[in-house]
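Visitor: Hi! Could you walk me through this structure while I look at it?

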Amino acid sequence: MRIVVSGAAGFIGSHFCDRLLAEGHTVVGLDNFLTGSRRNVAHLQPEPRFELREQDITERFAVDGPVDSVANLASPASPKDYLEHPIETLDVGSLGTRRMLELALEKNARFLLTSTSECYGDPSVHPQVETYWGNVNPVGPRSCYDESKRFAEALTMAYHRKHGVRTNIARIFNTYGPRMKLDDGRVVPAFLDQALRGLPLTVFGDGSQTRSFCYVSDLVDGLYRLMQSDERYPVNLGNPCEMTIREFADYIRRFTGNDREMVFHPLPEDDPRQRKPDIGKAKAVLGWEPRVTLEEGMRQTVEYFRALP
């Protein structure tokens with residue numbers, strides 16, 4: 001298949017391109033490099049089945065020739081990035097998603113949207129199941145990301161219902177692995193950056209808020225399976241092994257040999273108190289569940305960060 005991937009130079013996007021090429025597909029990667037990095041896909045440049053285009057998908061663009069599938073992975077995804085670029089985040093979730101959907105419609109191609117667990121906001125249902133509508137502050141500082149993804153989901157379903165586009169929607173929970181940016185503000189790179197530099201780990205709030213961490217190869221496997229499925233409604237993709245941020249900080253300290261005390265800062269506004277996916281639907285529909293242990297995934301992630309300049 002010939003597959004167009006937006007956000008191809010991002011953390012998850014670049015790993016998704018790796019998987020598509022490994023499966024024998026041809027990939028046209030699009031990225032405007034607002035938060036993506038050419039370094040993430042530099043190893044793919046010699047591959048004749050991979051083409052990388054510098055393209056802002058909120059602008060008009062065309063892809064010549066047949067296209068079998070369109071995957072929209074373009075968006076700032078870390079709080080640091082989307083708080084710095086709130087309007088661009090809203091634009092790519094709305095206009096950018098529509099341009100990618102129009103491409104899928106024009107080419108009679110499948111369409112995959114990568115959405116987010118942030119659609120659930122600060123949830124009152126735990127673990128989060130796809131039928132839960134969420135608890136999102138539409139005017140809070142995080143709303144630029146939360147609402148852009150919620151709108152993208154609604155737009156995707158509208159194209160499916162109105163035009164019959166074969167759509168899939170993935171709600172991605174916390175994912176980690178090589179190619180994350182150390183300075184992107186998310187908890188895994190933030191803790192590893194501090195731990196590897198021998199600094200105290202910064203914990204927001206009292207550390208009782210929970211997260212669950214999925215290694216990127218597991219997440220990409222879920223995306224690949226979902227892209228080939230007939231499931232049109234959202235599917236959670238994440239690791240249901242939940243831990244508090246304080247427990248995770250202790251784990252990182254032990255794993256890296258960091259013996260500094262933690263420091264505590266006030267909790268950011270609208271920061272979710274609980275985050276754990278119900279993956280029953282992914283198991284039933286896709287035959288998918290995470291397989292990489294936290295220890296193995298963290299080992300590969302730490303090796304990547306230690307090798308950085």
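Visitor: Which residue of strand 2 does S6 stand opposite?

Guide: In this predicted model, S6 stands opposite L30 in strand 2. The two strands involved are strand 1, residues 2-6, and strand 2, residues 26-31, which pair in the parallel sense over 5 bridges.

Visitor: And what's the strand order in the sheet they form part of?

Guide: The order is 3-2-1-4-5-6-11, with 7 strands forming an open sheet and parallel pairing. Strand 3 (50-54) and strand 11 (235-237) stand at the edges with a single partner strand each, so each has one side left without a neighbour in the sheet.

Visitor: How much are neighbouring strands turned against each other?

Guide: On average by 20°, with direction ignored.

Visitor: Which strands does helix 6 touch?

Guide: Helix 6, residues 216-227, packs on the sheet and touches strand 1, strand 4 (69-72), strand 5 (110-116), strand 6 (167-172) and strand 11. The direction of helix 6 makes about 160° with that of strand 6.

Visitor: Let's stay with strand 6. How many of its residues are buried?

Guide: 6 of the 6 are buried, so strand 6 is largely enclosed by the rest of the structure. Both of its faces are covered: T167, I169 and R171 are buried on one side, and N168, A170 and I172 on the other.

Visitor: You mentioned A170. What stands opposite A170?

Guide: That would be T114. Strand 5 and strand 6 pair in the parallel sense over 6 bridges.

Visitor: OK, helices now. At what angle do helix 1 and helix 6 pack?

Guide: Helix 1 (residues 11-22) and helix 6 pack at about 65°, and their axes are 10 Å apart. Helix 1 passes helix 6 in a right-handed crossing.

Visitor: Which residues make that contact?

Guide: From helix 1 there are F11, I12, H15, F16, R19 and L20, and from helix 6 there are V216, L219, V220, D221, L223, Y224 and M227. By class, that contact has 10 nonpolar, 1 polar and 2 charged residues.

Visitor: How about helix 5 and helix 9, what's the angle there?

Guide: Helix 5 (residues 187-196) packs against helix 9 (residues 294-307) at about 60°, with the axes 11 Å apart. That angle is why helix 5 counts as oblique to helix 9. Helix 5 passes helix 9 in a right-handed crossing.

Visitor: Who's in the contact on each side?

Guide: Helix 5 brings P189, L192 and L196, while helix 9 brings M298, T301, V302, F305 and R306. These residues divide into 6 nonpolar, 1 polar and 1 charged.

Visitor: While we're at helix 9: is G297 buried or exposed?

Guide: G297, which lies in helix 9, is buried, with a relative accessible area of 0%. Setting aside neighbours within four places in sequence, G297 is in contact with Y176, Y215 and V292. G297 and Y215 are 82 residues apart in sequence, and their C-alpha atoms are 5.8 Å apart in space.

Visitor: Switching to loops, where is T35?

Guide: T35 is in the loop between strand 2 and strand 3.

Visitor: What is T35 in contact with?

Guide: Beyond its neighbours within four places in sequence, T35 is in contact with S75, P76, D81 and K181. T35 and S75 are 40 residues apart in sequence and 8.2 Å apart in space, C-alpha to C-alpha.

Visitor: Last topic, backbone geometry. What is phi of F33 near?

Guide: Phi of F33 is near 65°, a positive value in a residue other than glycine. Most residues other than glycine have a negative phi. F33 is found in the loop between strand 2 and strand 3, and counts as buried at 17% relative accessibility.

Visitor: And what's phi of N108 near?

Guide: Phi of N108 is near 55°, again a positive value in a residue other than glycine. N108 lies in the loop between helix 3 (86-107) and strand 5, and at 62% relative accessibility N108 counts as exposed.

Visitor: What kind of peptide bond joins H126 and P127?

Guide: A cis one, with omega about -10°. Most peptide bonds are trans. P127 is found in the loop between strand 5 and helix 4 (143-163).

Conventions: Residues numbered from 1 in each chain as written. Predicted model: local features only at pLDDT ≥ 70, side-chain atom pairs only at ≥ 80, totals over all residues. Heavy atoms only, no water. Axes fitted to C-alpha atoms, helices over the stretch in contact; angles between N-to-C directions. Helix = DSSP H or I, 4+ residues; strand = E, 2+ residues; numbered from the N terminus. Parallel < 35°, antiparallel > 145°, perpendicular 65-115°, else oblique. Left-handed = near helix turned anticlockwise from the far one by under 90°. Contact = heavy atoms within 4.5 Å. Nonpolar A, V, L, I, M, F, W, Y, C, P; charged D, E, K, R; others polar. Pairing = 2+ DSSP bridges. Buried < 20%, exposed > 50% of the residue type's maximum accessible area, 1.4 Å probe, protein only.
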